[in-house]
Amino acid sequence: MSTVKSKKLQIGTDATSSNNFTIYQPATPDGTLRIGVGNADSPTEVGKFDSNGYVATNAPAFSAYLSADQSVSSGVITKIQFDTEEFDTNNCFDNITNYRFTPTVAGYYQINASLRSEGSSLSLAAFYIYKNGSSIFIPALDTEHSSTTHISGSTLVHCNGTSDYIEIYGRVDGSSPKFGNDNCRFSGFLARAV
Amino acid sequence: MILYEKIKTLYTELTDEDFTPEGTIMLQNDSDGKGDYIKSWNHPTLAKPTQEQLDGVQ
């Protein structure tokens, strides 16, 4: 039995380097195995494994929340200003200006959101998932509670990895309606790249 | 007076049903500092009010 010891193994010898792959160990070993596109002399990493298996390094995931109550007008579908990030692995969420998620990898994303509605004499609380400025889904709608209520929901959405973006809008009908900072959250992650 | 109330003042025949998520009128605010506006108006008989009409409601 023979053992081949090498830090890089190129798969393919095509004249076009992007048709070849390289399995390699990083220059400074860190317990990971990398897979790259290109020849062994300059592969571009596309995958990474460690002792636990595949490590998803290029899979956007984020979670953001509302840091203070947001007052709204009754009956008006209003974008929720998720202004604080809990995490944002690929810097795809804008928590400053547009409060939107614009993922940089094409694929199917699970989008989760929750809304805490506050006010009095409430007749309706709902939130909407918007893609590229238009509502695509109303995951939750409550007409049963006249004061504080908490609703949540999720869906899968395809994003092209360049221009597609996701936002959450909410609506509360009643007196002094607002989105409560407690439990207003927006999160998402890549479920499957395409 | 909020937008919803202005519209109801202009068109007293409108009901709350017109403003439900399945209704004919959709009001929106994009949290961009521009305020509430009529996102869509699909009422079968009443015309979408102009900004001038809305501004005239006290």
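# Briefing: fold, cores and interface of chains A and B

Among contacts in chain A between residues at least 6 apart in sequence, 60% join residues at least 24 apart; contact means heavy atoms within 4.5 Å. Chain A has zero helices and 16 strands. Helices (H or I, at least four residues) and strands (E, at least two) are DSSP runs, numbered from the N terminus.

This is a predicted model, in which local features need pLDDT of at least 70, side-chain atom pairs count only at pLDDT 80 or more, and totals for chains, interfaces and linings use all residues. Residues are numbered from 1 along each chain as its sequence is written, chains are lettered from A and ligands numbered from 1 in the order in which they are written, and side-chain values use heavy atoms, with hydrogens and water left out.

**Overall form of chain A**

- The C-alpha atoms of chain A fill a box of roughly 80 × 30 × 30 Å, taken along the principal axes.
- The radius of gyration of chain A is 23 Å, whereas a compact globule of 194 residues would have a value near 16 Å. The radius is taken over C-alpha atoms, and the globule rule is 2.2 Å times the number of residues to the power 0.38.
- Chain A has an accessible surface of about 9800 Å², and 47% of that belongs to carbon and sulfur atoms. Accessible areas come from the Shrake-Rupley method with a 1.4 Å probe; for residues, only the protein chains shown count as cover.
- Of the 194 residues of chain A, 42% count as buried. Buried means under 20% relative accessible area, exposed over 50%, and partly exposed in between (1.4 Å probe, protein chains only).

**Nonpolar cores**

- In soluble globular proteins, nonpolar side chains tend to be buried together.
- A nonpolar core here is a set of buried Ala, Val, Leu, Ile, Met, Phe, Trp, Tyr and Cys residues joined through side-chain atoms within 4.5 Å.
- The largest core holds 29 residues. Those touching the most other members are A:Phe82, A:Phe101, A:Ile111, A:Ile166, A:Ile168, A:Phe179 and A:Phe186.
- In chain A, β6 (61-65), β12 (107-131), β14 (149-159), β15 (166-179) and β16 (185-193) are the elements that give two or more residues to this core. β12(A) gives the largest share, eight residues.
- A second, separate core has 13 residues, including B:Tyr11, B:Ile25, B:Leu27 and B:Trp41.
- Leaving out residues up to four places away in sequence, A:Ile166 touches A:Arg100, A:Phe101, A:Ile111, A:Ile129, A:Tyr130, A:Lys131, A:Val157, A:Cys159 and A:Phe186.

**Cysteines**

- A:Cys159 is buried at 1% relative accessibility. A:Cys184 is buried too, at 0%.

**Contact between the chains**

- Chain A puts 18 residues into the contact, and chain B puts in 13 residues.
- About 1200 Å² is buried between chain A and chain B, and carbon and sulfur atoms give 51% of it. Buried area is the accessible area (1.4 Å probe) that two parts lose on being put together, summed over both.
- On the chain A side, A:Val76, A:Ile77 and A:Arg171 lose the most area to chain B, together 32% of what that side buries.

- A:Ile35 sits in strand β3 (residues 33-37) of chain A. A:Ile35 is partly exposed, at 26% relative accessibility.
- A:Ile35 and A:Lys48 are 13 residues apart in sequence and 6.3 Å apart in space, C-alpha to C-alpha.
- Not counting residues up to four places away in sequence, A:Ile35 touches several residues, among them A:Phe21, A:Ile23, A:Val46 and A:Phe49.
- A:Lys131 belongs to strand β12 of chain A. A:Lys131 is partly exposed, at 22% relative accessibility.
- From A:Lys131 to A:Phe101 is 30 residues in sequence and 9.6 Å in space, C-alpha to C-alpha.
- Beyond four places in sequence, A:Lys131 touches A:Ile136, A:Val157, A:His158, A:Asp164, A:Tyr165 and A:Ile166.

- A:Tyr99 is not a glycine, yet its phi is positive, near 55 degrees. A:Tyr99 lies in the loop between β10 (93-94) and β11 (100-101) of chain A, and is buried at 11%.
- B:Ser31 is not a glycine and has a positive phi of about 55 degrees. B:Ser31 lies in the loop between β1 (25-29) and β2 (37-41) of chain B, and is buried at 14%.
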